[in-house]
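Dear colleague,

I am passing on the structure we spoke about, and below it you will find some notes to read with the model open beside you. Please take your time with each residue before moving to the next.

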Amino acid sequence: MSDVLAKKHESLATAKEIMDSLKGMFGQPEWFLRHEAIKYIYTKRMKEGTSVREHVLDMMMHFNIAEVNSGAIDEANQVSFILESLSKSFIPFQTNASLNKIEFNLTTLLNELQRFQNLTKGKGKEVETNVATTKGKFKRGSSSKSKSGPLKPNRKIEKKGKGKTPKQNKGKKTIEKGKCYHCGENGHWLKNCPKYLAQKKAEKEAQGKYDETSSWKRLSEGEITLKVGTGEIVSAKAVGNLKLFFNDRYILLKNVLIGRLVKSGLLYKLEDNSLPPCDSYLEGKMTKRSFTGKGLQAKTPLELIHSNLCEPMNVKARGGYEYFINFIDDYSRYGHVYLIQNKSDSFEKFKEYKAEVENESGKKIKTLRSDRGGEYMDLRFQDYLIEHGIQSQLSAPSTPQLNGVSERRNRTLLDMVRSMMSFAQLPDSFWGYALETAIYILNNVPSKSVSERLMSYGKGMDVKTAFLNGNLEESIYMVQPEGFIQKGQEQKNVDEPCVYKRIINSTVAFLVSYVDDILLIGNDGCQDNLLGNALFVLGIQIVRNRKFVLGIQIVRNRKNKTLAMSQTSYIDKMLSRYKMQNSKKGLLSYRYGIHLSKEQCPKTPQEIEDMSNIPYASAVGSLMYAMFCTRPNICYLVGIVSRYQSNSERDHWTAVKNILKYLTRTKDYMLVYGSKDLILTGYTDSDFQTIKDARKSTLGSVFTLNGGAVL
């Protein structure tokens, strides 16, 4: 190192710092080396006749140079660069790799290229020799004989010029024929090969033998045209009879396509039906025998449960759901459907289903029938079934008919979902809501198989659900029961047709019916006087002092003579469903000064895709139920956010979460009613053009009874 450089680097502490400084002063920059290496890789071409091994190693060296200088090329592209840089003699190798879609790594590529070059090296010399010999003896347009007769071996040919004579062939005097490509022997070519000629003669005789009854003629271009499967119009080359010869048997093509050709006149009718059957043809037409028998049917609820997981949908449902799993009770054919994001969630959904149905019916699941899907074969799933004494019935491989109940239910559900989506013209991401609606409809429509089974077993069904929502073709005339009509004082509730009232002397009773649930409210003795023997005849189960009705908790304080309604449990479940149980407790349900409008709706495909994974409409529906039952204080806010269910955006979702945060703080609030004066008091108010999209106002009203709001 010169004194100048030593003086410049004396302040540097380590040798690495000195080397980096010298490299920066005198070495080539990294970008330059990377550029030169990549340029070499793109432009390098292998010279004909050189070693392919040396060429590949040279390319690999430049790949390494590019990688060291931050220009790494993955192995697949390295293979592509090497194949493109090969000489013309490797065109067959390139074509074979492209047509067969062969994937190489660098090691296998180098080995295969060397093997190919070694195999073609000997053949290439022989071809070059034959071509050179041919060019020396013949010229284009000339013949082997001239006007002066055949050429003699020692004859000199004089040529105009300075007396020079062309070089004579120093090879053999007589022309030797090359190697036969058919038999591999020297001394003759393919056209003169005795074995080849004998084979062609035999094939011609066989063709004449088997084509004695065949007749065909060639067609000119465009005389007869056919439309092929791709939609293209092609010209027929010939028309007539055709028989195929294969393994000493005729194969008669008796399918629909040949029949169409015969009908259109392109082929004559096939008349030879005396030929023996073809085993290969019959084997190809064989199908699996259909399932005609029926499996064992359950005689009690939960004795047998059918289950199946539906394959992933093309579009994820709102909430990010991609699959759904069903569980069907064989006895009642009542089904449950659960939306899941991953197949691994099936186990948790089964535990949820088991807890729900066993708690409702008081019975235990005995058998679970499913296919051999991985979600059911999971060790945790199987251990859980063994632990709880549940028998696992698995269908045979590739036999979905053995699990036909759940397979058919999936098909029915998907058909209904497609019909609903087509009718409603909703985005595909709403299929989850359509699926839940479909299973609700199926569970409430009478099943023919279940009805026949109940009649054969001689058992009855709860009168409230036997033919719920069934279609009646007959005319039905009903008379109101005695005691509910007093002449001139018909006690009819026009606004609530499912609420009945009866007052006889000091006995007061209100009967509220909702689907198959009946709530009876009254003073002492009203139940026995009202229902009488119906409790025994209809099998109605009475739960006295009921604390929960449709998810609403009823709290009585007989000392203070108050009655309160609470939805604390429902709100807890709702917060858990939308993962808001650990969120901050909101002081207010709405942020002052923020106005929602359609201008905030998503406008780009990306924004729409982002919102498809957010359960906006489901959350609004859950809030509506709480609003109608016990939380009238969120009525105005729920009305605002419900306007954007079909096209919501992040700002709208933030407003919904603010309501949920408010409910987190006030989930223990209740509606309380007293017993003093039954005076109904009403309040009403209106804002002024708070709806930005339509410049409309919102009118609201509330009525209270003894301090509690009346919904």
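Leaving aside its neighbours within four places in sequence, which residues is Y353 in contact with? Before I answer, please keep in mind that this is a predicted model, and that the chain averages a pLDDT of 75, with 71% of the residues scoring at least 70.

The residues in contact with Y353, once those neighbours are set aside, are L302, I305, F327, D329, H336, Y338 and I365. Y353 itself lies in helix α11, which covers residues 346-361, and it is buried, with a relative accessible area of 1%.

A second residue to look at is E112, which you will find in helix α7, residues 106-137. E112 counts as partly exposed, at 32% relative accessibility, and, when residues up to four places away in sequence are not counted, it touches F93 and F104. From E112 to F93 there are 19 residues in sequence and 9.1 Å in space, taken from C-alpha to C-alpha.

Turning to a pair of helices, α19 (residues 568-577) and α21 (residues 616-629) pack at an angle of about 170 degrees, and their axes are 11 Å apart. Because angles over 145 degrees count as roughly antiparallel, α19 is described as roughly antiparallel to α21. Where they meet, α19 contributes Y570, M574 and R577, and α21 contributes S622, L623, Y625 and A626; sorted by class, the contact has five nonpolar residues, one polar and one charged.

A disulfide is a covalent bond between the sulfur atoms of two cysteines. A search of the whole structure finds zero disulfides, and C183 is accordingly in none, the nearest cysteine sulfur being that of C180, 3.7 Å away. C183 is partly exposed, with a relative accessible area of 24%, whereas C310 is buried, with a relative accessible area of 9%.

Finally, there are two stretches to read with care. Over residues 244-255 the pLDDT stays under 50, and the model has 17 contacts for them beyond four places in sequence. Over residues 460-469 the pLDDT is likewise below 50, and this stretch has 15 contacts in the model beyond near neighbours in sequence.

Notes:
Residues numbered from 1 in each chain as written. Predicted model: local features only at pLDDT ≥ 70, side-chain atom pairs only at ≥ 80, totals over all residues. Heavy atoms only, no water. Axes fitted to C-alpha atoms, helices over the stretch in contact; angles between N-to-C directions. Helix = DSSP H or I, 4+ residues; strand = E, 2+ residues; numbered from the N terminus. Parallel < 35°, antiparallel > 145°, perpendicular 65-115°, else oblique. Contact = heavy atoms within 4.5 Å. Nonpolar A, V, L, I, M, F, W, Y, C, P; charged D, E, K, R; others polar. Disulfide = S-S within 2.5 Å. Buried < 20%, exposed > 50% of the residue type's maximum accessible area, 1.4 Å probe, protein only. pLDDT = per-residue confidence, 0-100.
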